Structures are given as structure tokens and as C-alpha cells.
Amino acid sequence: MTTKRLRIVLLVCSTRPGALGPAVGQWLADTLAPTAGLLDADLVPLAISDLRLPFLDEEEHPSTGVHHHEHTRRWSEIVDGADGFVFVTPEYNYGMPATLKNALDYLGPEWAWKPAGFVSYGHTSAGTRAVQHAKQVVTTLRLVPLSATVALRIADATREDRFAPEARHADAAEGLLTELVQVARALTPLRERGHADAVAGPLPGSYARRLGPDDAPEVTVLQRCCWVEEALANDTLAIPALHESPDDVRAWLADWHTTGLWRDGRLLGMVRTRRTGADLHIGRLAVAPDLRGRGVGRWLLRHAESAGEGCLRIVLSTGAASRRNLTLYRRQGYAPLPDAQGDGVVDLAKAVSV
């Protein structure tokens, strides 16, 4: 599970001219900015009126993820890139605005496994009936509604026609954001596993996805766990993976194509590839020590080799005394190169099957 900063969309749902929604949204963004910084979250204020969404006009069902219109693709990109939502909504006739229902109906998979908080406003019920109405819809889309809410009774939150909520409203908003961030991080494995770029892994419940610079902390920990055994087997501490800082790892993650195998928020293994001329270079094949012998290394190696189309050979290296690694590579068709680099390192290669 990546430790990247979360992206939280604050969506103002009313489009009525002169509505209170924009003032509520601005107050919410200003109030939550300090807390968001402490929680490593970025707030993205947005209004449905800015999206210019007509009533749902896509021919394909939203569950397909096929969007023909530019306004839908733009909305899909925003929702897909978010980790959670706070809907700022009024109550219209015991329900949520049609604009919010329409915006929800446009998309399908993009909503899944993301928390949804509500800041409602209204008169007698402070908009709470709109929230109950909306929760029936968002759960169908696999959004996860929070128990924490902010309910603003307009008479209590305005002074001389100016929106001025009380301190208790700000406290409630900060509590909502804290809960939303906690739930968003807990749901990250479900979001990642269901993403279009993820592939099923070799172990039940595992999945693989490309690693990026935000994954540097987890990669650093995995390297330290895996290369201690290499150091002992080869009687040397001169192994880069043991000494790299998170910043060092972040740098090469931006340069190499690296695949990580995950389960329940834990990085189980990884492998990286890079093309140089007619060669595909494979490196940093690592499997958590408690999972060795379960086929994870072979699966990662085959996954890395699948990037070799168009290359003439695949090249990798390991410690000269790393018997486990050498056995794996030889069984997969690799042979030592005659011009190996030496210094306790064995270079191996195999031709790419055509």
C-alpha cells in the first residue's frame, strides 16, 4: 500500500444561482487546510457547476468504463484520481439535489472503495435527509459512507446574512476529515486490486502493479529484509540495496519499470526491468523471506520476462555464492556470461524466445 499523499475532493453539489453551497465549500476548504496538511492529504475543491454535466447522455453503461463524451472523460479522470470525497449538499424536498444524483450516475468503477463524507445544510433537518437519501445511492456504487457528518442548520450558521458557522461545526468537520483519511488508507488495497492496471498475483488475494516514487518507503524496507541473506551468503556488505536511502530508491523507481506484488497493504515482492539496446535487464528480484518457496520469485521473473518482446536477450546478475538464486535462474534457462564482471557477482543471460 503506497504512502503517497491522499487526494480528497470537496464537491459542492448545488448549482442554484445564489445558493449557499459555494460559501459552505469555501469555509470547509479553509477550515480543513491545516488538518489536511497534518494528515498528508491534498484537498481539491470542486463544484458540480464547473463540470458542465448534462443529464446522463452516455450510450454505454457506466459500469463498462467506456466514455464517449469529453465531459464524461474529464469527470472520470477526476473521480478515478481521487482517494475520497466530501459532498457538500443541500436538501431538496427530503432528498439530495438531482445534480448530485446525475454526477454519481455518470460513472461506475471509478467510485469503488473510496470513502464518502457529507457536509449538509438546510433548515429544519440541517440537510440530514439528503444525506440519508444519498447514502442509499453511494453504497450501490461501492463508495463507503462515513458515520461522521457535518450538519449545518442555516439559522445557526448564518449571522446577518453572512455564513458564519460555530466552532462546533469546525470541530465536526475536522473529525470528518480525520475519519475519511483513516478509511481511505484502509481501503487502499481494495482500490489498487480493482484498478484496471493491476493483475492478479500468484497468491490468494495478491495483486501486482507498477511501483512509483511514492512506494519508496515500502521498497526500502523490503530490500533491507531480502538482501541481508545475500550479504551473509556472499560475505560482503557492499550491496547497494542494503545501503540505499528512501531518496535513492525514489530516484531509481522513477527510472526503472518496477512491478510490486501486494496483499492486504503489504509489499510481498518486486522486480525491475529496463531496456538497453537489444537487451532487457532484470534486477532487484526480491521476495519477502517468509514467502520463499511458494513460487513468488518464479512468477515475478516470468512477469518481468514478458517485457522482453523485441529484445534479443535477457540479462540479470546475482551474487556468486547465492545458491538459491543461481538455481532458480539456471532452471529458467539462464547461463553465465563468459565476460562476467567478477568481484563476487555472476552475470547471466538467456535468449528471448521468438
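## Close-up views of a predicted model

**View 1. The loop that holds Ala-126.** Ala-126 lies in the loop between β4 and α5 (128-140). The model shown in this and the other views is predicted. The phi angle of Ala-126 is near 55°, a positive value in a residue other than glycine. Ala-126 has a relative accessible area of 9% and is buried.

**View 2. The loop that holds Trp-113.** Trp-113 is found in the loop between α4 (98-105) and β4 (115-122). Its phi is near 60°, and this positive value again belongs to a residue other than glycine. Trp-113 is partly exposed, with a relative accessible area of 28%.

View 3. Strands of a sheet pair through backbone hydrogen bonds, either parallel or antiparallel. Within this sheet, β13 and β15 run in the antiparallel sense and are joined over 7 bridges. Thr-318 stands opposite Val-346, a residue of β15.

**View 4. The β8-β9 hairpin.** Strand β8 (residues 199-200) pairs with β9 in the antiparallel sense over 2 bridges. Val-199 is set opposite Ala-208 of β9. The two strands form a hairpin with 6 residues between them. Gly-205, in the turn, has a positive phi of about 80°.

**View 5. Strand β9 and its pairing with β10.** Of the 5 residues of β9 (residues 207-211), 4 are buried, so the strand is largely enclosed by the rest of the structure. Strand β10 (residues 257-263) pairs with β9 in the antiparallel sense over 5 bridges. Trp-262 in β10 is the bridge partner of Tyr-207.

View 6. Arg-209 lies in strand β9. Its relative accessibility is 14%, and Arg-209 therefore counts as buried, the cut-off being under 20%. The side chain of Arg-209 makes a polar contact of 3.1 Å with the side chain of Glu-192.

**View 7. The surroundings of Thr-273.** Thr-273 is part of strand β11 (residues 266-276). With a relative accessible area of 8%, Thr-273 is buried. Leaving aside residues up to four places away in sequence, Thr-273 touches Trp-256, His-257, Leu-280, His-281, Ile-282, Ala-304 and Ala-307.

**View 8. Helix α11.** In α11, 7 of the 10 residues are buried, so the helix is largely enclosed by the rest of the structure. The buried residues are Val-296, Gly-297, Trp-299, Leu-300, Leu-301, Ala-304 and Glu-305.

**View 9. The largest nonpolar core.** This core has 46 residues, of which Val-219, Trp-227, Met-270, Ile-282, Leu-300, Tyr-329 and Tyr-334 touch the most other members. Helix α8 (residues 216-234) gives the most to the core, with 6 residues. Not counting residues up to four places away in sequence, Trp-227 touches Ile-239, Ala-241, Leu-242, Met-270, Arg-284, Leu-285 and Ala-286.

**View 10. Val-228 in helix α8.** Val-228 lies in helix α8. Val-228 is partly exposed, its relative accessible area being 43%. Val-228 and Val-144 are 84 residues apart along the chain, and their C-alpha atoms are separated by 41 Å.

**View 11. The largest pocket.** Rolling a probe the size of a water molecule over the atoms shows where empty space is left. The largest pocket has a volume of about 1300 Å³. It is lined by 48 residues, and the closest to its centre are Trp-227, Glu-230, Ser-317, Thr-318 and Asn-325. At least two residues of the lining come from each of α8, α9 (240-243), β12 (279-287), α11 (296-305), β13 (313-319), α12 (323-331) and β15 (345-351). Trp-227 is also listed in the core view, among the residues that touch the most other members.

Definitions and conventions: Residues are numbered from 1 along each chain as its sequence is written. This is a predicted model: local features need pLDDT of at least 70, side-chain atom pairs count only at pLDDT 80 or more; totals for chains, interfaces and linings use all residues. Side-chain values use heavy atoms; hydrogens and water are left out. Buried means under 20% relative accessible area, exposed over 50%, partly exposed in between (1.4 Å probe, protein chains only). Two strands pair if DSSP finds at least two bridges between them. A nonpolar core is a set of buried Ala, Val, Leu, Ile, Met, Phe, Trp, Tyr and Cys residues joined through side-chain atoms within 4.5 Å. Contact means heavy atoms within 4.5 Å. A polar contact is a pair of N or O atoms within 3.5 Å; within protein, one must be able to donate a hydrogen and the other to accept it, and residues adjacent in sequence count only if both atoms are side-chain atoms. On a 1 Å grid over the protein atoms alone, a cavity is a set of points where a 1.4 Å probe fits but cannot get out, and a pocket is an open set with protein on both sides within 12 Å along at least five of seven lines; lining residues have an atom within 4 Å of a point. Grid points are joined across faces, edges and corners, and a volume is the space filled by probe spheres set on the points.
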